[in-house]
Amino acid sequence: MSHVFEALCKSEGHAESVDFLSPEAFFQTIENGSELPSISSEKAEIRPESRLVVWDNPHSLAADRYRLLRINLEKLQGAGKLRSLLLTSASAQDGKTTVALNLAMAFAGDGKHKVLVIEADLRCPTMIRRLGLKPWEGLSDCLTNGLDPISAARRVEPLGFYLLPAGGPVENPTELLQSERLTQLLHVVSGCFDWILIDSPPTSPIADALVLKPRADACLLVVRSGKTPREAVDDAIRQFGPGFVVGIVLNGLEGLDREYSEYYRKYYSQAKAKKSTTATKA
Ligand SMILES: Nc1ncnc2c1ncn2[C@@H]1O[C@H](COP(=O)(O)OP(=O)(O)OP(=O)(O)O)[C@@H](O)[C@H]1O
Ligand SMILES: [Mg+2]
């Protein structure tokens, strides 16, 4: 389960030059402007190990916390220029990918928002396997071969968000993530999506997450309850510098679900009783 601890505000600009299909050119291909028809879809195979609590258990406390996180981030978006969010953590296996996928569903859940998840962990990509998808070309292919990111993205059904997976293996992930081409790619996709969630490697021991800082508007730091050392969290925040980390998501906090389930059990039984009384009167 996850919990938002703090929220501050931050935004940074994007580069101007574009050599992929521009948002303007892309939207010329769209008739009604409300859909992304040229993006094809892929069917996910959702399993327990996918850990998609927002999908599997939408009335759980964890799913509720993801929706609360969405609401808090939407407030920040309304207050400034917040569109692309970097998800990282101080150490490996803290739950970045789990949080990215569930948050993407929380954002996409109301059907009003187009959400793109970019898998910028080019070293240990897991999304395709996690979601039981057939592999396709992704971010690394956009950055090395000039593949258009919009045509490389796919809508993941039935989850409702779009995914640009890591793509084929590369020898120089840090350099690719530092490249001007990535800045241009993000400029293009930010014209087409309401939210861009960038799943990345941890801040230590490799530099990939830190080099992504100038390419995202803000960062959510995922902390694994009982696992991530506090000093490592402080160190990660310090490395990003003031204002960039807009929230900390505490992943894996056990023990609150029972109380929450009990509250909802009472709420639903009261609501059901009220409904049947109203129906009897009518
Ligand atoms: N709240 C949780 N409770 C139990 N297991 C979890 C929880 N969150 C994540 N996991 C499991 O922990 C492992 C790591 O999760 P995840 O892949 O989301 O972390 P990550 O930070 O993206 O890892 P990496 O640093 O390798 O990219 C996965 O096997 C996942 O299923
Ligand atoms: Mg991951």
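Apart from residues up to four places away in sequence, A209 touches L86, T88, S200, P201, P202 and T203, contact being assigned where the C-beta atoms of two residues, placed from the backbone, lie within 7 Å. The model is a predicted one, in which local features need pLDDT of at least 70 and side-chain atom pairs count only at pLDDT 80 or more, while totals for chains, interfaces and linings use all residues. Residues are numbered from 1 along each chain as its sequence is written, and chains are lettered from A and ligands numbered from 1 in the order in which they are written.

A209 is located in helix 10 (residues 208–211); helices are DSSP runs of H or I with at least four residues, numbered from the N terminus. A209 counts as buried because it has 28 C-beta neighbours inside 10 Å; the class requires 20 or more other C-beta atoms within 10 Å, whereas 12 or fewer define exposed and values in between partly exposed. The C-alpha atoms of A209 and L177 are 8.8 Å apart, although 32 residues separate the two in sequence. T174, in helix 8 (residues 173–178), stands 35 residues from A209 in sequence and 8.9 Å from it, C-alpha to C-alpha. With 16 other C-beta atoms within 10 Å, T174 is partly exposed. Its contacts, leaving aside neighbours within four places in sequence, are with A207, D208 and V211.

Helix 3 (residues 61–79) packs against helix 4 (residues 96–108) at an angle of about 65 degrees, with the axes 9 Å apart; axes are lines fitted to C-alpha atoms over the stretch in contact, and angles run from 0 to 180 degrees between N-to-C directions. Helix 3 is therefore roughly perpendicular to helix 4, a class that covers 65 to 115 degrees. The residues that meet are Y66, R67, L69 and R70 of helix 3 and N102, L103, A106 and F107 of helix 4. They comprise 5 nonpolar, 1 polar and 2 charged residues, where Ala, Val, Leu, Ile, Met, Phe, Trp, Tyr, Cys and Pro count as nonpolar, Asp, Glu, Lys and Arg as charged, and the others, Gly among them, as polar. Within helix 3, R67 is partly exposed, with 18 other C-beta atoms within 10 Å.

Around ligand 1 there are 16 residues, of which A92, K96, T97, T98 and G252 come nearest; a residue is included if its C-beta atom, placed from the backbone, lies within 6 Å of the molecule. Helix 4 provides the largest share of this shell, 3 residues. The shell contains 3 nonpolar, 8 polar and 5 charged residues.

Technical notes
Helix = DSSP H or I, 4+ residues; strand = E, 2+ residues; numbered from the N terminus. Parallel < 35°, antiparallel > 145°, perpendicular 65-115°, else oblique.
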